[in-house]
Amino acid sequence: MEHSEFIEELEIRLQDQMKGGTAFSIRAQTMQKNGEEHKEILYCRAGDTWGLPLPTEEAYDDFLEGIPIEKIAQKMVKLMKRYTEVVPRKWRTELALLPENIIPVLIPSEGNEALLGTIPHIPFYDLQITFKFRVIDENGCDTVNVTNEYIREQGWTEKELLDLSLNNEIFKESALFARMSEKAEEMAVLAKADELEQLKDFREHALLLTNIYFDFGAASVLNQELMCRIADKFGENMYIIPADIEACMLVSESDLAEKDVQEILDCFNRFSPAPEKKLSDHIYYFDREKREIQQIPRPEEKMEKHPVPVSDKRRR
């Protein structure tokens with residue numbers, strides 16, 4: 001059974017399991033993710049159009065290992081019912097879904113058109129800044145999309161939502177660095193944002209920037225104060241290589257030529273084991289004086305703007 005068929009069958013089994021219940025319901029929705037349709041199942045309070053996504057990927061793994069769909073559905077419903085015993089009547093007042101737990105996220109514009117119709121977003125070159133609640137509990141960490149409905153209820157604009165998310169501690173304090181080195185043992189050295197002084201010992205002016213959750217870490221480049229501190233440690237402007245939605249590479253301007261930086265990104269995208277996490281085909285540039293990120297055109301885009309003149313002799 002293919003994954004899409006499994007999700008459809010699981011939804012039916014979950015609906016059967018939920019019969020007779022009035023407080024919560026199962027709701028399926030289809031979204032586009034990097035150009036492909038992706039279906040997820042939400043566990044919603046009655047009357048709401050949003051809720052917590054169920055772990056369908058893990059459920060499919062269980063199915064492939066031989067566990068019947070009926071037992072998987074029973075286990076899911078049991079877990080959700082146990083969860084609702086401690087969930088307040090209004091999820092909007094629950095700790096995990098408070099405004100202070102909203103983070104910014106970077107996703108590609110292309111392939112996410114359907115999703116962008118349902119959530120607040122701000123264009124950022126060929127990317128989009130979207131927003132998620134970071135849900136942390138004893139079982140780990142998950143994220144839930146902030147919806148258009150939610151910000152309408154709060155009375156916020158998308159700009160106000162962006163300012164809020166950028167200033168939330170759960171975003172600002174979560175940045176994590178790994179030094180880029182040819183030596184594996186040095187690559188393993190991690191440092192949080194408040195340990196930036198370690199940069200003074202780096203021989204190579206290159207870092208991998210993510211977050212302590214190792215998901216949606218590429219958005220850490222939106223932390224302007226942090227980017228300025230890194231550039232000041234490097235003593236110059238930086239190239240930004242969007243490795244994927246989870247992380248970016250930061251390289252000092254004098255360390256590599258622009259064409260080499262572009263080649264690194266192209267290699268990332270060409271040989272990535274997880275193409276669905278691709279973020280961009282473009283490299284970016286952080287100007288420490290202007291305190292801003294700029295997109296660098298690809299070589300073929302520069303050629304289109306400034307075509308090489310062809311002489312009359314060559315035309316013949």
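Author: A quick definition before we start: two strands pair if DSSP finds at least two bridges between them. Also, keep in mind that this is a predicted model.

Reader: Okay, how many residues does the hairpin between E11 and E12 go through?

Author: Strand E11 covers residues 238–244, and E12 covers residues 247–252. The two run antiparallel, joined by five bridges, and in one of the pairs Met238 has Ser252 as its partner. The hairpin that links E11 to E12 goes through two residues.

Reader: Which residue of E12 does Leu209 stand opposite?

Author: Look at strand E10, residues 206–211, which also pairs with E12. That pairing is antiparallel and has four bridges. In E12, the residue opposite Leu209 is Cys248.

Reader: Are the faces of E12 covered or open?

Author: In a regular strand, side chains alternate between the two faces of the sheet. On one side of E12 sit Ala247, Met249 and Val251, and on the other Cys248, Leu250 and Ser252. Buried means under 20% relative accessible area, and six of the six residues of E12 are buried. So both faces, with all these residues buried, are covered.

Reader: Moving on to the second largest pocket, which helix gives the most to its lining?

Author: This pocket has a volume of about 360 Å³, and Leu166 and Val221 are among the residues closest to its centre. Helices H6 (158–167), H7 (169–172) and H9 (224–234) and strand E14 (292–296) each supply at least two lining residues. With three residues, the biggest contributor is H6.

Reader: And how many of the lining residues are nonpolar?

Author: The lining has 16 residues. Three are polar and four are charged. The nonpolar ones number nine.

Note on methods:
Residues are numbered from 1 along each chain as its sequence is written. This is a predicted model: local features need pLDDT of at least 70, side-chain atom pairs count only at pLDDT 80 or more; totals for chains, interfaces and linings use all residues. Side-chain values use heavy atoms; hydrogens and water are left out. On a 1 Å grid over the protein atoms alone, a cavity is a set of points where a 1.4 Å probe fits but cannot get out, and a pocket is an open set with protein on both sides within 12 Å along at least five of seven lines; lining residues have an atom within 4 Å of a point. Grid points are joined across faces, edges and corners, and a volume is the space filled by probe spheres set on the points. Ala, Val, Leu, Ile, Met, Phe, Trp, Tyr, Cys and Pro count as nonpolar, Asp, Glu, Lys and Arg as charged, and the others, Gly among them, as polar. Buried means under 20% relative accessible area, exposed over 50%, partly exposed in between (1.4 Å probe, protein chains only).
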